[in-house]
Amino acid sequence: MRPSVLTVLFATSALLNACKIDNGLGALKDNSGVNGDTGHTSVDTGGGDTGVPPDTSPRSCQDQTFPGAAVTQTDQCYDAGPPVGSFTPVLKWKKESFSKGSSDNSVMMMPAVGSLTDDNGDGVADENDTPDIVFIAYGGSYPQGTLRIISGADGTEEVGVANQNLQGTGGVAIGDIDGDGWTDIVAPTTDFKIKMFDHTGALKWTSPSLSGHMYGTSDNPAISDMDGDGHPEIIIGNAILNYQGHVLGEGSKGMAGVNGNNVGTTAFAVDIDGDGQQEVVTGNALYNMDGSIKASNHETDGYTAVGNFDGDDKGEIVVVSGGKIRLQDDDMHVICSATIPGASTSGYGGPPTIADFDGDGKAEFAAASGSKYSVFEADCSVKWQKNTQDASSGNTGSSVFDFEGDGAAEAVYADETKLWAFNGSDGSVKLSSDQHSNATWLEYPTIADVDNDGHAEIVVANTAYTTSHLGIYVFGDASNSWMPGRKIWNEHAYSITNVNDDGTIPAVAAQNWLSYNNFRSGDLAPVGGYSGPDLIVKVNDVCTDECDRNRLTAWVQIGNDGYQDVDTDVTVQLIGDLNDGSVTGLGSQLVTDTIPAGQTLDSIQFLVDPIPAGLKDIRGKVDYGNNASAGIVDECIEDNNEDQYMENLCPN
């Protein structure tokens, strides 16, 4: 429901000494003044720097306050967002048989999604084309598998590559690795190597053996430009390769797997501490690009995800290992830990997800186990748990998406027998589909707009474990009302900012936790619309009773007519425009109080002593005025941060 609009005008108190008052913020609003200035920006309530000592004689302009009050909130700062959709999942299509390597039709990995074929004939494969689904299928060739590319529209078979010794249950990562404008594929082999294929399935290179740095079964690679040079690196276990397959570094501790068991690795790279260089994230170590340890602890290794849970700009690491889940700071210090419901030391717990599950504006994390799916608060306490069935491995992953746009994300999870969707707020079951079967490993459902219809779909891997379901199933909404999804989900450690829409890898990837704060989630923006702050300013009054002493007093009031509080310190400036066209600073003050939405604060008093020669008018500025790039606060309206006052000034 839309917030109520507050319409109370600024309150003012009576002026002393015949100083003029103007009520109402908008009455004197005039944004025609100069945006930039050459005056002071430090905290200074005095006048401009004219070299004349200030007058210290008793003052005749009396202190006064214009009290803070409610103001009308602007419609431009609030958007109710799209209408809430329905949640009525149906099977859109399935692909269970293949002409190439027909015996390989079981899939036990997270399906990757991206554009590898030029469907619209413009010479490139990008976000304008129908996405493709990339995966490895196994069966008769197990433990090896066949690399497959099928159309996201209907499962049409496009590429099949067999006899490459690929891990049948290993994962793939896709992205433009060699910079030729086409999306490439990297996949692990059973003999501890990585192979890179182009979009047609042609082999580009094979790495040296990485034995001891990956498990050889169910390994999941990741792609990231760790040093920002425009050439992505490939991460697998605790090994780092360059874009040509040469080894750059090999770590000596964790691999983002579970204690040496052959259930795969899930390492990835992010700039977790904001120093401009990415680190490989594992359960008990952070590695530099050369494999050296940047930080570590004495905990067991495990599956990881990165989010923000303490409000600083650095990421925190969620680790799942040995039936437990823990939260670690960027220096690997353990913040909290808990036992995962339904897990054991042999049941592990699967790779974690991060999202705002309940729509409270704060991130939670989740993980599956052998018999339950659980969501945890930031203090590691269990928010809710639901019964599931994954006794064969107990380490399956999951994904997150707010399909309806109602502010609470659904957790999507596929166990041995069912495809589940749980309400993020309380875990209530929204989907329990028998159209699924899998022996389970590290796979999880992918959520993307795979058929280019403007709405997200769920892509699920199947093996004939409990029933006869095989290959790839795609689910959508019966009324086609689900929220839009990206057309790419490129790797197991997907976090939105790790890959661009066209499949290129960012040279400097934005830290996901500062914008989306999710992991293995497809939610692109806060749902339920937009609300933002809007700083406003008014010069309430100027007292000129002391013109004969070459000084004056001004009162400036700031407020926020937006729909979101401003908790950031902001600077309020008093600026003088001179007759010769120049400007000078008359003083500035730092406001550290919260500026509530729909409110103004008490006025700020400035003493201008001495008055600069040739003063034509004065301007109040908040957050450095109408120049949006200079401001600190991200506002819905950036060009109303100044107020010009031209009346009742001292004669020159």
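Is Cys336 buried or exposed? Cys336 counts as buried, because its relative accessibility is 13%, where buried means under 20% relative accessible area, exposed over 50% and partly exposed in between (1.4 Å probe, protein chains only).

The model is predicted: local features need pLDDT of at least 70, side-chain atom pairs count only at pLDDT 80 or more, and totals for chains, interfaces and linings use all residues. Residues are numbered from 1 along each chain as its sequence is written, and side-chain values use heavy atoms, with hydrogens and water left out.

## Disulfides

The structure holds 4 disulfides, a disulfide being a pair of cysteine sulfur atoms within 2.5 Å. A disulfide is a covalent bond between the sulfur atoms of two cysteines. With bonded cysteines counted along the chain, the pattern of the protein chain is 1-5, 2-7, 3-4, 6-8. Among these links are the following.

| Disulfide | S to S distance |
|---|---|
| Cys61 to Cys543 | 2.1 Å |
| Cys77 to Cys636 | 1.6 Å |
| Cys336 to Cys380 | 2.1 Å |

The link of Cys61 and Cys543 is left-handed, with -85° about the S-S bond. Cys61 counts as buried at 3% relative accessibility, and Cys543 counts as buried at 0%.

For Cys77 and Cys636, the torsion about the S-S bond is about 45°, so the disulfide is right-handed. Cys77 lies in the segment before E1, and Cys636 in the loop between strand E42 (615-622) and strand E43 (642-645), so the pair ties together parts that are 559 residues apart in sequence. Cys77 is buried at 0% relative accessibility, and Cys636 is buried at 17%.

The link of Cys336 and Cys380 is right-handed, with 70° about the S-S bond. This pair links distant parts of the chain, 44 residues apart: Cys336 is in strand E23 (residues 334-339), and Cys380 is in the loop between strand E26 (372-376) and strand E27 (382-387). Cys380 is buried, with a relative accessible area of 4%.

## The sheet E24 to E27

Strands E26 and E27 also belong to an open sheet of 4 strands, which has the order E24-E25-E26-E27 and antiparallel pairing; two strands pair if DSSP finds at least two bridges between them. Strand E24 (353-355) and E27 are the edge strands, each pairing on one side only. On average, neighbouring strands of this sheet are turned by 20° against each other, direction ignored. For such angles, axes are lines fitted to C-alpha atoms, for helices over the stretch in contact, and angles run from 0 to 180 degrees between N-to-C directions.

Within the sheet, strand E25 (residues 364-368) and E26 pair in the antiparallel sense over 4 bridges. Ala366 stands opposite Val375 in E26.

## The surroundings of Asn105

Asn105 is placed in strand E3 (residues 104-106). Asn105 is buried, with a relative accessible area of 17%. Which residues is Asn105 in contact with, leaving aside its neighbours within four places in sequence? They are Glu96, Phe98, Ala137, Tyr138, Asn462, Leu470 and Gly471, where contact means heavy atoms within 4.5 Å.

Terms used. Helix = DSSP H or I, 4+ residues; strand = E, 2+ residues; numbered from the N terminus.
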